[in-house]
Amino acid sequence: MKKHSVLLCIVISVLLIITATLLYPGGSLFDKNSVGFDWTKNFISNLFPAKAINGSDNPSRIWAILGLAFHSIGSGIFFIHMSKKMTDRHSAKVLNAVGIATIALDVLIVTPLHDVMVMVSSTLSLLGLFYCTVFILRSKRHVLKFACVICLLIFYYTLYLYGFGNWALLAIMQKVSFISSTLLVLGMEYFTNKEDFIQRKPDGQTIPTTNR
């Protein structure tokens, strides 16, 4: 079970979020009278309030909150797992801290602190993925190298849209970013090991683990 904890959390999270979208009464930033959840016009955050945008009671709320909670736990466990694969102690400590903070803070996105916590959560995720990417680029995992770069570009572009208020495109890119980062997380979870991150000198000798 421990070996597949990240996958299990992600699967449960996706199922709960999908359930929430099916129960969402309706309304979006573009049409307050729309019916149901539109994946191209609604944001995941629309599922969290007690009232839907169209004014109806929102039965999707509890399912969405639970979905976010499992997503936070899965993401946090992933970064903690990655920290244990790192031979550089500084990087291991950073990833472990990111994992713990992700589990503790991400769920606050559903509170009135939503806007602030979105930025905090995004910063934590970017920091963790950046550290992972640096070491993946030094490894022989060539497919993951490409995936890391693409995922980070999508992530940065999504944050760019958020910062400039391009809500129409952001509604779509939010899901694209979520899917790409989820697939990358699963790829690194299952297709990397500690040997991939052993640092070597040009002559092939192993660089000892440090406190940098």
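Trainee: At what angle do α3 and α4 pack, and how far apart are their axes?

Mentor: Two packed helices are described by the angle between their axes and the distance between the axes. Here, α3 and α4 pack at about 150°, with axes 10 Å apart. Axes are lines fitted to C-alpha atoms, for helices over the stretch in contact, and angles run from 0 to 180 degrees between N-to-C directions. Helices (H or I, at least four residues) and strands (E, at least two) are DSSP runs, numbered from the N terminus. This is a predicted model, so local features need pLDDT of at least 70 and side-chain atom pairs 80 or more, while totals for chains, interfaces and linings use all residues. Residues count from 1 along each chain as its sequence is written, and side-chain values use heavy atoms, without hydrogens or water.

Trainee: Which way do α3 and α4 run relative to each other?

Mentor: They're roughly antiparallel (over 145 degrees; under 35 is roughly parallel, 65 to 115 roughly perpendicular, the rest oblique). Residues in contact (heavy atoms within 4.5 Å) include Val-94 and Leu-95 of α3, plus Leu-124 and Tyr-131 of α4.

Trainee: What does Phe-78 touch beyond its neighbours within four places in sequence?

Mentor: Val-6, Cys-132, Val-185, Met-188 and Glu-189.
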